[in-house]
Amino acid sequence: DDVSARISAVIAELQHLEGPMLPILHRLQEEFGYIPEVAKQIIASALNLSRAEVHGVVTFYHDFRAEPAGRHVLKLCRAEACQSMGCEPLAETIKAKLGIDWHETTADGAVTLEPVFCLGLCAQAPAAMLDGELHARLDEDCLTDILAEVRS
Ligand code: FES
């Protein structure tokens with residue numbers, strides 16, 4: 001079908017690389033927004049691996065999604081500087097408000113929550129990124145704004 005054909009085309013293009021698995025997976029994620037389940041078997045056959053090996057790589061790297069992301073992607077920094085400025089309690093608040101855990105998407109498809117490890121805003125921790133836009137010195141007020149934005 002169409003999806004398999006697109007997957008095969010990506011593999012054909014990148015297969016010659018040394019260590020082609022990650023480049024292939026990154027390209028598929030770019031194209032589809034996630035790694036289609038069927039891709040694991042197709043990659044495995046092409047690279048002479050088992051499906052389980054491909055699955056292991058996909059699940060090891062949290063960058064790869066198993067399903068499409070929500071309309072908004074909220075990434076919260078969980079690295080050291082943000083930890084020391086209280087990102088974890090903020091994360092708990094967000095999770096409770098959205099009713100989801102890390103790597104999950106709200107039932108209405110509005111927002112996906114992901115951890116990141118340092119956004120380069122350590123001096124203005126805690127930090128987050130919403131749809132590619134940085135937010136520094138997060139507090140409950142900013143969070144309320146961010147959540148209102150993703151809900152609208
Ligand atoms: Fe959070 Fe660097 S530790 S931005």
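**Entry 1: strands**

The model I am reading is predicted. I then looked up the pairing around these residues. S3 covers residues 128-130 and is joined to S4 by three bridges. The two strands run antiparallel.

Next I asked in what order the strands form the sheet. I read S2-S1-S3-S4, four strands in an open sheet. The pairing is mixed. At the edges I noted S2 (111-116) and S4 (133-135), each of which pairs on one side only.

I checked what H6 (residues 87-98) lies across. I found S1 (72-77) and S2. The angle of H6 to S1 is about 155°.

**Entry 2: empty space**

Rolling a probe the size of a water molecule over the atoms shows where empty space is left. How many cavities of 30 Å³ or more does a search of the whole structure find? I got one. The largest cavity has a volume of about 40 Å³.

I went through the lining next. Among the residues there are Leu76, Cys77 and Arg78. I also wrote down Cys87, Leu90, Ala91 and Trp102. Pro126, Ala127 and Leu138 line the cavity too.

Which element gives the largest share of this lining? H6 does, with three residues. S1 and H6 each supply at least two. I sorted the lining residues by class: nine nonpolar, no polar and one charged.

Conventions. Residues numbered from 1 in each chain as written. Predicted model: local features only at pLDDT ≥ 70, side-chain atom pairs only at ≥ 80, totals over all residues. Heavy atoms only, no water. Pairing = 2+ DSSP bridges. Contact = heavy atoms within 4.5 Å. Axes fitted to C-alpha atoms, helices over the stretch in contact; angles between N-to-C directions. 1 Å grid on protein atoms, 1.4 Å probe; cavity = no way out; pocket = protein on both sides within 12 Å on 5 of 7 lines; lining within 4 Å. Points joined across faces, edges and corners; volume = space filled by probe spheres on them. Nonpolar A, V, L, I, M, F, W, Y, C, P; charged D, E, K, R; others polar.
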